[in-house]
Amino acid sequence: MSSAETPTPTPAPSPSRPRPIRRLPLAGVLRLNKPSDIWFKPATSVVVSAAVPNLTLLALGRLDLAMYTMAGSLCALYAHNLPYAARARALAWVVLGMLASLAVALLTASLTSSAAVLVAVGALLAAAQKTLCDATRIGPPGHLILTFISSASLFAPQHLGQIPGHLALTAGAGAVAWLVGMAPALVRPHGPERRATARALNAAAAYVSAEGGARERARAGAAAAVHAAWQSLLATGNSGAARRALERLVVRAEVALAAPADTDPALLRDWAAGLSGTGPVPRINHAHAHEVDDEVLGVEAELALGKPSLWRRLAPGSPLLPVALRTAVGCALAGYGSLALGIGRPYWALVTAASLYQANVTLTWNRTVQRVAGNLAGVLVFAAVVPLAHAGQIFVVLFCLLFSFGAEAFISRNYWLGSVCVTPMALLITEFARTQEAGELITDRVVDTLVGALLGIVAAVIVTNRRAADHIELALEATDRAREAAERTLAAPRPEPGALEAARRRLAAALVELRAADDTAAGEWWQRALPEERVVTAEQAGHRTLAATVRRATLRTVRNPENADEHRGGTDARENTRA
């Protein structure tokens, strides 16, 4: 192996320095971001999913049951980033999770009227929902919808005989949500994978074009986008021509990260633009085609390895468990604080606390500021529309649909902006059963928001998460193992087909996890000294090894042009297939 292919040895780590506590920021917390490229998909899905059962109940004169159908309809918010094979499974699990959460809440409500018991059950449910959603990485909106529905149901009057019928309504609405979520597959069956690939290409182009201090941030973002694209392709459940064509493009994005000087960012952006719509996947030219065939074998090798089980992610020592404890403690404090103040709806304080908890204290503080700002603005919106909503139940339904659309349209810009729509929607849902006095609703919501936010952030600070630093150590070990495996593969004169590419991608995934673990611990309070210099050293060594794998692939082609010709011929035949 030439010297160009040999990764630079890893320097000995330097002693770690204690990282100071970060200040809790205010500047920039409410700044608006660019909207999500698929914001309209969850927005339209939830409107259609909710409109069908709600308008049916309105026609039957039973809008008082709409809370149970909304539980199923809101499942349509999930899994829009997943390929359709994986989405079908994920949506089914979300609906089952909603049914299980609702069943526990309704059963508890039918067996006891003790507010103290109800708050305790709500806090435990919120912690369980948070943990499972994080462990499965279901994505936005995470546990919040499940917690909102189950907490509200705990405080709704209930009898044992009513539970089967109410759960049946939720299941029916959940089935509608599943059909709505899967419907786009009929028109654009590879849409999610194409979008993930386009994001990877655009992120790689941004990295290649970046300069100065922005370059490292762009590199981290591009690495995460490429990793997400591979995960999307691995989740498709098939190895047909469409996936192979997209794999070629993700390979080019990956190569751009390792060899930015040899990459044309305009070409990457052109390929990304060509992935919109339902046309054929853009073709890579002959000069790049040889880099793909072994990569396909690497994908198959990675599929054969499988993923860690859910139980392994929840095992003792998991970094998810301290956050679960925070959620349970914070929700309980918020609920009991609301009860102590004599508020009639402690579940609002509980849900407020549950919505705050992010990966670390700093991010939790950001969410707290956003939640309070959005809720206070949202009650003003509710005050403006409630006179018209009281004019007839049809207006309640229409406003709920409007605000559910607005919430998904705005929430990717910033959480507080989405909350401006979520708050009046949640208040209007309480109007399904009966018209209530607006002033009382607004007062209760404001007080519960402030109580939940205050006690929620207190719990985040006092319930320490020392395992954030432990997770860095685990991520460092995983990165070192992945780098050493890639270097062994590099050293082999004739690696097994696909072995080099699979090793490279596992190293890339380990580096993404390491960066996420370090960012999480960086915003956590009460930490022991963090291994900052070891993280930097591991990242630098890992990136050098990734670059070496790309150079090895290039040198292999130069030394074996006849193999490259074979690859090109095979690729040309496949590239003529429309994906």
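**View 1. Overall content of the chain.** The chain contains 23 helices and zero strands, where helices (H or I, at least four residues) and strands (E, at least two) are DSSP runs numbered from the N terminus. This is a predicted model, in which local features need pLDDT of at least 70 and side-chain atom pairs count only at pLDDT 80 or more, while totals for chains, interfaces and linings use all residues. Residues are numbered from 1 along each chain as its sequence is written, and side-chain values use heavy atoms, with hydrogens and water left out. Of the 579 residues, 53% count as buried, that is, under 20% relative accessible area with a 1.4 Å probe and protein chains only.

**View 2. The largest nonpolar core.** A nonpolar core is a set of buried Ala, Val, Leu, Ile, Met, Phe, Trp, Tyr and Cys residues joined through side-chain atoms within 4.5 Å. The largest one has 64 residues, and those with the most contacts inside it are Tyr 78, Phe 382, Leu 428 and Phe 432. Helix α3 (residues 84-111) gives the most to this core, with eight residues. Apart from it lies another core, of 32 residues, among them Tyr 207, Val 208, Trp 230 and Leu 233.

**View 3. Surroundings of Phe 382.** When residues up to four places away in sequence are not counted, Phe 382 touches Pro 424, Leu 427, Leu 428, Ala 438, Leu 441 and Ile 442, a contact being heavy atoms within 4.5 Å.

**View 4. Helix α18 and its kink.** In α18 (residues 415-429), 15 residues at 1.5 Å each should span 21 Å, and the end C-alpha atoms are 20 Å apart, which agrees; the expected span is 1.5 Å times one less than the number of residues. A kink of about 25 degrees lies at Cys 421, shortly before the proline Pro 424, the bend being the angle between axes fitted to the seven residues ending there and the seven starting there. Of the 15 residues of α18, 13 are buried.

**View 5. Helix α7.** The 19 residues of α7 (residues 191-209) should span 27 Å at 1.5 Å a residue, in agreement with end C-alpha atoms 27 Å apart. This helix is mostly covered, with 15 of its 19 residues buried.

**View 6. Confidence along the chain.** The mean pLDDT, the predictor's confidence in each residue from 0 to 100, is 81 for the chain. Over residues 288-298 the pLDDT is below 50, and over residues 557-579 it stays under 50.

Note on methods
Buried < 20%, exposed > 50% of the residue type's maximum accessible area, 1.4 Å probe, protein only.
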